[in-house]
Amino acid sequence: MASISFRNVTKRFGDTLAVDDVSFDIRDNAFFCLFGPPLSGKSTILKLILGLEQPDAGEILIDGRPVTHIGPAKRNVAMVFQNLALFPHMSALDNVRFPLVERRMPKAEIAAKVSAVSEKLHIGHILHKPPAQLSGGERQRVAIARALVRDPAAYLMDDPISALDARLREQTRVELRRIQQELGKTLVYVTHDQEEAMSVADGMAVLRDGRICQTGTPEELYRSPNSTYVGGMLGAPAMNVVPITMASRLSVDAAPRGADQLGVRPENLRVGVGEAGTIADVEPMGAFTTLTVQAGDTTLRATLRGQPKYTVGQPVGLSVDPGRAHFFDEGGAALESARREEERT
Amino acid sequence: MTDLTSSLPTETAPEDQGKSESARLGFWLTLPTQLLVLFIALFPILMQLYISLTDWSPLDGIPWYRAYELWIGLLNYIDLWNDPRFWGAMWRTCIVMAICVPAQFLLGLGLAILFVDEFPGKRVLYSTALLPMMVVPAVAGYMFFMLFQSGGPVNNILSFFAGSPVTIAWLSDPNLALFAVILSDIWQWTPLMFLILLAGMVSVPQDQQMAAVLLGASWWRRFRTIVLPRMKTIIIIAIAIRVIENFKVFDNFYIMTGGGPGVATETISIHIYKVTQQDLIWGYVAAMALAILIVLSVVSGLAISRMRKAS
Amino acid sequence: MTEIVLDNLGKSFGDFTALKDMNLTIAQGEFVALLGPSGCGKSTTMNMIAGMLEPSEGQIRFDGKPMNGMPMARRGVGFVFQNYAIFTHMTVRENLAYGLKAQGVSRAETQRRVGEIAQLLQLTDLLDRRAAGLSVNILQRLAIGRSAVVEPSIFLLDEPLSNVDAAFRAVMRQELKSLQRQFKQTMVYVTHDQLEAMTMADRIAVMDHGKLLQVGTPIEVYNHPADTFVARFIGAPGMNLLDGRITGGDSGPVVDLGAAGHSGPVTAPGTGPVIFGFRPEEVHPDPNGPIQMAITMVERIGARIILHLAEGPHVAKAVLDAETQVPDQGGMIRFSVPAASVRLFDAQTERAL
């Protein structure tokens with residue numbers, strides 16, 4: 001059990017700033033997700049936590065204790081690899097025992113630790129099988145058991161399910177979340193899939209070019225992104241970000257001073273009768289339908305519930321759910337919406 | 001942290017620069033080993049270079065390291081330049097190479113084309129086709145020696161077709177002897193060419209070939225525009241290996257003809273052997289060895305630069 | 001544009017039957033998706049249309065002409081491979097010109113047509129670049145352009161988006177669809193991703209274990225799945241299927257779900273065991289709803305909430321708007337399913353009733 005904190009951590013590789021003055025706190029027992037595109041610094045942060053890399057500046061704390069200059073072996077954090085990296089020629093049991101056997105721990109102690117961890121992960125009944133005979137979910141559990149058998153303070157995962165197909169990913173992420181809830185250990189998780197990040201995490205950080213753009217719960221980040229970048233990274237289809245001049249066409253008023261761009265999530269864009277734009281594409285998905293609307297030079301996407309009937313070329317009116325417009329300044333930073341200011345006063 | 005040591009995904013590309021500190025430490029730690037390896041690899045060559053500048057011979061009664069007492073500078077190299085027997089051996093080596101390597105390449109490519117597709121009995125034929133390569137070269141030489149005896153099977157078969165007895169003295173006629181030894185080399189080393197080319201051909205992506213066919217490409221066009229270009233690197237490797245190996249042919253040639261009749265089949269390796277064992281002028285041999293080393297280095301250098309270009 | 005008829009098509013490899021009794025007519029200019037899990041026979045079907053495989057049974061006809069035995073080069077089929085099979089040792093221009101050269105088209109004509117297709121696919125600036133190292137969306141365009149330039153009457157696409165990043169797939173889907181509109185060729189698209197099939201195809205053919213289970217427009221297949229496999233396979237998450245029993249209720253027959261309660265009134269042919277199906281997004285939280293289940297997990301994904309539900313032997317999912325007030329994990333939820341959204345399946349055959 002451990003909390004993990006970064007205090008102004010910077011890591012340079014030659015001229016490249018891989019991690020740029022990053023600070024965050026991961027509380028004990030959190031399922032914390034580092035989310036960002038490739039090369040945004042996610043994996044470097046994992047390596048810094050593990051101790052495989054040394055920061056150039058700043059401090060890393062595990063459980064409040066500075067570990068910046070402590071080697072990986074003494075940090076007591078474990079890693080589950082992307083492809084799980086189970087040894088195919090060993091049984092699940094031998095896989096789980098492996099880290100302890102390597103440490104020459106007494107046999108009785110090994111047996112006790114293995115049985116404790118396999119009970120927690122419900123894998124007692126499959127320990128005799130080789131990895132090839134296990135299902136994907138079981139293999140995941142065995143790999144986690146192997147990482148946890150040494151009783152680490154926290155465990156880390158680097159994009160563990162990105163290789164699976166869509167349906168299996170949906171199942172596995174629920175499974176992962178269940179495991180983490182049952183184990184109650186700090187899990188730091190790297191992914192580039194926004195749906196996965198929001199589904200599993202109870203805290204997350206959105207990264208860009210080695211900097212943290214925003215941290216918070218997935219809901220906070222989704223509801224109040226602090227920039228067009230964060231707004232665009234979360235949600236599919238992505239948030240529509242249009243020039244503020246479109247506001248009147250979308251019947252949005254009360255834009256705050258300095259607003260330069262308007263952000264509207266596809267599910268908050270209402271499509272009705274009018275002439276604000278024309279339908280350019282209709283994508284039926286069964287439960288909902290995504291419309292692509294051409295409004296002047298701007299292309300907008302709207303997600304509607306169910307299977308409404310629209311045809312390509314049809315003129316439509318557009319509006320935004322009350323209070324659901326996001327405003328950004330020229331640089332893309334979020335401005336307080338008029339509604340939120342009202343609420344405050 | 002045994003489960004931690006393998007590589008993490010390399011998100012951070014410029015890592016190498018960051019590791020320069022540990023790289024420097026690594027360099028110093030491995031320096032003794034590197035020096036040892038260098039010494040083992042270079043010593044014989046440096047020794048050759050040293051000897052080649054002297055008139056040293058084992059019969060002189062002085063140890064090799066005192067060969068400087070017989071220092072003659074570049075005289076061995078000048079002699080070599082003017083030695084018709086050396087150039088003759090070089091020339092014959094080139095002839096052998098000019099016939100063997102293309103023949104092996106074309107035959108090997110043909111076999112590879114046959115074997116890249118499935119057909120019944122492929123496994124057995126495949127093993128059979130590779131068999132010559134496994135034969136010890138000396139034994140191969142002996143086999144061909146037998147085949148080309150004047151009363152041997154080759155003449156027997158020719159007699160059968162000619163309808164009258166044929167008694168060609170294959171191995172004592174200067175031109176025919178060269179032909180016979182070349183044949184033995186082609187027989188023995190076509191399988192290696194085949195093996196390498198087949199490996200290259202199998203690795204040409206199937207879907208690209210299929211795409212070419214679906215776009216209407218004939219077999220020949222597909223072969224010429226997709227298969228061959230994608231095999232470029234492996235073809236260069238295969239040919240380079242055979243060219244270099246051709247400087248080394250010895251066993252079967254020596255057993256079949258001993259380099260004769262006269263010097264008709266005396267390639268460079270046989271020539272060196274003779275000079276070493278019979279003439280015992282080792283300074284001269286060392287000069288010859290270095291000259292060949294330089295030729296071969298140029299050949300492999302060319303091959304490597306070609307390969308770089310191809311990929 | 002060509003009409004494709006698959007007439008009683010079958011294929012076996014030794015003892016293994018990869019495809020059985022496939023009957024499908026693909027109209028001129030239609031975009032049909034062959035959808036199913038791996039091993040369902042969709043790729044076998046496509047490879048037979050392309051001519052890479054010979055059918056063991058039945059016939060393939062293009063515009064009425066039997067294709068059995070016709071070599072693939074003469075079928076007029078454009079094929080886009082899963083990894084695009086771009087000739088990486090050539091330039092973009094050489095790739096595009098490959099088919100024309102192979103078919104002996106004159107140099108001037110080749111140049112003109114390559115120029116045209118490059119313009120259409122926005123590849124003009126890249127014509128003299130080597131194909132190796134191009135980004136995946138450009139590779140896709142190039143693969144389509146390379147096939148399209150020889151003007152095939154049929155386009156076959158073999159899971160072209162399966163190697164593409166999730167975030168990028170939506171962009172590629174739209175691009176593919178607009179390309180199909182431009183070329184107007186008959187398109188057959190193989191995929192295991194129901195979302196791709198739903199959003200792009202005119203009609204979907206759902207397959208499993210070498211059999212064609214259902215053909216229809218995306219909405220038809222979604223709304224009226226022919227059996228439980230289709231019901232589960234289409235939609236994300238798929239349809240909830242609960243084992244129940246039809247009993248007589250106060251206001252007509254209902255499906256008794258044991259510990260989870262019962263459904264609202266249904267129109268049912270009789271009584272007895274039945275599979276009760278409803279879409280996760282048709283779950284309507286309702287304090288007086290007849291169905292009650294425990295919440296085992298709450299997934300909040302932006303605009304949606306996915307509830308994972310369980311009760312007795314039943315498991316189900318519910319998809320709700322992010323604004324909906326829901327109990328926490330571990331709580332109970334009561335809900336109803338509108339009668340119009342209920343789908344019943346035979347408990348034995350698992351076919352729709």
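# How the terms apply in this predicted model

Analyst: In this predicted model, chain A and chain C bury about 2,800 Å² between them, with 46% of that area on carbon and sulfur atoms. The contact draws 29 residues from chain A and 37 residues from chain C.

User: What makes the meeting of E219(A) and R300(C) a salt bridge?

Analyst: A side-chain nitrogen of Lys or Arg has to lie within 4 Å of a carboxyl oxygen of Asp or Glu, and for the side chains of E219(A) and R300(C) the N to O distance is 3.6 Å, so the pair meets the cut-off. The count between chain A and chain C is 8 salt bridges, and there are also 19 residue pairs in polar contact, both residues being at pLDDT 80 or more. On the side of chain A that touches chain C, α5 (166–183), α6 (194–200), α7 (218–223), β13 (269–284) and β15 (298–305) of chain A each supply at least two residues, and the largest share, 7 residues, comes from α5(A).

User: Why is L123(C) called buried?

Analyst: The term buried asks for under 20% relative accessible area, and L123(C) has a relative accessible area of 0%, so L123(C) is buried. This residue lies in the loop between α3 (107–120) and α4 (136–148) of chain C. Leaving aside neighbours within four places in sequence, L123(C) is in contact with L96(C), A118(C), I138(C), R141(C) and L142(C). The C-alpha atoms of L123(C) and I138(C), which are 15 residues apart along the chain, are separated by 7.9 Å.

User: How do you know that the salt bridge of D7(C) with R61(C) ties together parts that are apart in sequence?

Analyst: The closest N and O atoms of D7(C) and R61(C) are 3.2 Å apart, which is within the 4 Å that a salt bridge requires. D7(C) lies in strand β1 (residues 4–13) of chain C and R61(C) in strand β4 (residues 57–62) of chain C, so the pair joins parts that are 54 residues apart in sequence.

User: Why does R113(C) count as buried, and why does E109(C) count as partly exposed?

Analyst: Under 20% is buried, over 50% is exposed, and partly exposed is in between; R113(C), at 15% relative accessibility, therefore counts as buried, whereas E109(C), at 27%, counts as partly exposed. R113(C) forms a salt bridge with E109(C), their closest N and O atoms being 3.5 Å apart. Both residues lie in helix α3 of chain C, 4 residues apart, about one turn of the helix. E109(C) and R113(C) also belong to a network of salt bridges that links them with R112(C), E116(C) and E151(C).

User: What puts the buried residues of α5(B) on the same side?

Analyst: The buried residues of α5(B) are K122(B), A129(B), L130(B), P132(B) and M133(B). They cover an arc of only 135° around the axis, which puts them on the same side of α5(B). What covers these buried residues includes α4 (84–116) and α8 (174–202) of chain B, while the face turned away from the buried side carries the exposed residues R123(B), V124(B), L131(B) and M134(B).

Key: Residues are numbered from 1 along each chain as its sequence is written. Chains are lettered from A and ligands numbered from 1 in the order in which they are written. This is a predicted model: local features need pLDDT of at least 70, side-chain atom pairs count only at pLDDT 80 or more; totals for chains, interfaces and linings use all residues. Side-chain values use heavy atoms; hydrogens and water are left out. Buried means under 20% relative accessible area, exposed over 50%, partly exposed in between (1.4 Å probe, protein chains only). The arc is that of the directions from the helix axis to the C-beta atoms. Contact means heavy atoms within 4.5 Å. Buried area is the accessible area (1.4 Å probe) that two parts lose on being put together, summed over both. A polar contact is a pair of N or O atoms within 3.5 Å; within protein, one must be able to donate a hydrogen and the other to accept it, and residues adjacent in sequence count only if both atoms are side-chain atoms.
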